[in-house]
Amino acid sequence: MRLIDSFGRKINYLRLSVTDRCNLRCSYCMPHEGIHKRPHAEVLNYEELFTIARASVEIGIEKIRITGGEPLVRRDIIPFLSRLAAIPGLKQLVLTTNGVLLDEMAVPLRDAGVQRLNISLDSFRPEIFSRITRRGDLARVLTGIKAAEAAGFPIKLNAVVMRGINDDELLDFAALTLERPVKVRFIEYMPTIKEPGWQKLVVPGEEIISRVSARYPLSQLAQGELSGPAREFSIDGAKGTVGIITPLSSHFCGECNRIRVTSAGMARSCLFSDSETDLKPYLADSDPTRLTEALRSIVGAKPGSHRLSLDESDHSAFTMAAIGG
């Protein structure tokens, strides 16, 4: 079954958040004072999350990414992931994590049926890593990445590039791909929390690629049908790949294939849209077709593009932890 929006895009990718809580406080994800945590009663239970996932697959979703907050801080996440992996028709179950808990959870995640991990890692320098995350232990994350590799996971590292903070590590990240089958993705800084002067932190994607290619020759790769928004490249002879995600300087809306649902059951067809649909009334409805109709309507209302730019932004401020990173 194909799920097509009004612009002819095939929508086959759901980002499903299971919590707004996190064990880090990354500067680009939430303000310094943190966020107001949702009461547990407002967070969907696993049965409700599973119902949304299953209904989404029934109408054409083929890939589900579990996000947070940090999804691994939610209790009993492993049995839930096992249920998701068994949904008929689901081709990919993947998860985004900050890596803090991977040392102990990599093997259970693999056994549960998670196929790939995206691991957020913005610096290889302990002092910079601690500055960005406001409390993180780099050594613990690096240990978690090794545990994930040992468990058999393909590794994808996401680095939010910020000028004057970690952009001098671009070549260090790229060099990781030379001898290891690691996917490194550089992400432009996004002004979700709208801190004053955010523009000075943005390193445009083309500048990132130019700086990397000045040292390592790059060849662009074709995108797969279930791929995310990254443009991917390979260094000649490298075992891994380098990618860029450019929501500001060169948005990828024309190829966007996803919708997202927060841990509170609010569905968005675009990260930067202020329009949300509350799925909780449909979860309480005895007629299961009401939920699938609501999901189809969300896809049908998906905008052609967002209006975010380097000059201004028309969206309301939000934290990625609340929406689902």
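**Close-up views of a predicted model**

**View 1. Lys156 and its contacts.** Setting aside residues within four places in sequence, Lys156 is in contact with Arg116, Leu117, Asn118, Ile119, Lys183 and Arg185. This is a predicted model, so read each view with that in mind. To find Lys156, look in strand β5, which covers residues 155-161. Is Lys156 buried or exposed? Its relative accessible area is 9%, and the cut-off for buried is under 20%, so Lys156 counts as buried.

**View 2. The annotated binding site.** Lys156 turns up again here, as part of a UniProt "binding site" annotation from an unreviewed entry. According to that record, the annotation also covers Arg15, Arg65, Thr96, Arg258, Ile259 and Arg260.

View 3. Ile259, another residue in the record's "binding site", sits in strand β10, made up of residues 258-261. Ile259 has a relative accessible area of 4%, and is buried. Which residues does Ile259 touch, not counting those up to four places away in sequence? They are Ile11, Tyr13, Leu14, Arg15, Arg268, Ser269, Ile298 and Val299.

**View 4. Cys253 in a loop.** Now for a loop: Cys253 lies between β9 (241-245) and β10. Cys253 is buried as well, with 7% relative accessibility.

Terms used
Residues are numbered from 1 along each chain as its sequence is written. This is a predicted model: local features need pLDDT of at least 70, side-chain atom pairs count only at pLDDT 80 or more; totals for chains, interfaces and linings use all residues. Side-chain values use heavy atoms; hydrogens and water are left out. UniProt positions are given in the numbering used here, feature names are shortened, and annotations may be inferred rather than shown by experiment. Helices (H or I, at least four residues) and strands (E, at least two) are DSSP runs, numbered from the N terminus. Buried means under 20% relative accessible area, exposed over 50%, partly exposed in between (1.4 Å probe, protein chains only). Contact means heavy atoms within 4.5 Å.
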